[in-house]
Amino acid sequence: MQVRLLDRGILAGLLALAMVTCLAVSDGAQQKPKTLYERLGGYDAIAAVTDDFIGRLVADKQITRFFTGASTDSKKRIRQLVVDQICAATGGPCIYIGRSMKASHEGLGITESDWQVSVGHLVAALDKFKVPQKEKDELLAAVSSLKPDIVAPAMSK
Ligand code: HEM
């Protein structure tokens, strides 16, 4: 009889342990860190920042020459590819099906100065939508990693 009580005690203990473990595991799942995509506000927020960024690029007298001659549809295509690229790179559900950064920009002769001006416009767009510093830094780091494929080799510092 005493042994049975002991068994019951052990069983109850094991059950409690299993429940605590289950709770800890599900709690852990809930606390999964949010992706940059989620922290930026998801697809619509990324699309809004991209539209603002491209609007600034095209309106800039130093940068606009790169888009001279591009049809409205070609510009829409680039815009959509940039949205998809940022969405995919930040952990979102999109797939980037555009060309590589090297293939897209090689031969355009994008200078260090063009790059700095463009990054300035991206920062302005992120600021306009009040993207917090941490998320801004993470996105800018991701974009900066593309620089060697975008800026013409002889023109980058
Ligand atoms: C800031 C980082 C940049 C990103 C993430 C980016 C991304 C892209 C993407 C996704 C495309 C479309 C690729 C495709 O057609 O398959 C593209 C095309 C293009 N980008 Fe960028 N880009 C960046 C910087 C720049 C800069 C600084 C300039 C010029 C100053 C520029 C000028 C262009 C032009 C002119 C095209 C069209 C090329 C063509 O269709 O022949 N980009 N870019």
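What follows is a conversation about how the labels for this structure are reached.

Guide: Gladly, and two ground rules come before the labels. This is a predicted model, in which local features need pLDDT of at least 70, side-chain atom pairs count only at pLDDT 80 or more, and totals for chains, interfaces and linings use all residues. Residues are numbered from 1 along each chain as its sequence is written.

Visitor: How many helices and strands does the chain have, and what makes a run count as one?

Guide: Helices are DSSP runs of H or I with at least four residues, strands are E runs of at least two, and numbering starts at the N terminus. On that basis the chain has eight helices and zero strands.

Visitor: Which residues is Ile-54 in contact with, neighbours within four places in sequence left aside?

Guide: Contact means that two C-beta atoms, placed from the backbone, lie within 7 Å. Under that rule, Ile-54 is in contact with Arg-79 and Val-82, once neighbours within four places in sequence are left aside. Ile-54 and Ala-125 are 71 residues apart in sequence, yet their C-alpha atoms are 9.1 Å apart in space.

Visitor: What makes a set of residues a nonpolar core, and which members of the largest one touch the most others?

Guide: The members must be buried Ala, Val, Leu, Ile, Met, Phe, Trp, Tyr or Cys residues, joined through C-beta atoms within 7 Å. The largest such core has 15 residues, and Ile-46, Val-49, Phe-53, Cys-87, Ala-125 and Leu-126 touch the most other members. Two or more residues each come from α2 (36-40), α3 (42-59), α4 (72-89) and α6 (112-128). Helix α3 gives the most, with five residues.

Visitor: How do you know that the buried residues of α6 are on the same side?

Guide: The buried residues of α6 are Asp-114, Ser-118, Leu-122, Ala-125 and Leu-126. They cover an arc of only 115° around the axis, so they lie on the same side of α6; the arc is taken from the directions from the helix axis to the C-beta atoms. These buried residues pack against α3 and α7 (133-144). The face turned away carries the exposed residues Ser-113, Gln-116, Gly-120, Ala-124 and Asp-127.

Visitor: What makes the span of α6 close to the expected one?

Guide: The expected span is 1.5 Å times one less than the number of residues. Helix α6 has 17 residues and reaches 24 Å from its first C-alpha to its last, close to the expected 24 Å.

Visitor: Which residues come nearest to the ligand?

Guide: A residue is near if its C-beta atom, placed from the backbone, lies within 6 Å of the molecule. Of the 19 residues around the ligand, Leu-81, Gly-98, Arg-99, Ser-104 and Ser-118 come nearest. Helix α4 gives the most to this shell, with four residues.

Key:
A residue is buried if 20 or more other C-beta atoms lie within 10 Å of its own, exposed if 12 or fewer, and partly exposed in between; C-beta atoms are placed from the backbone.
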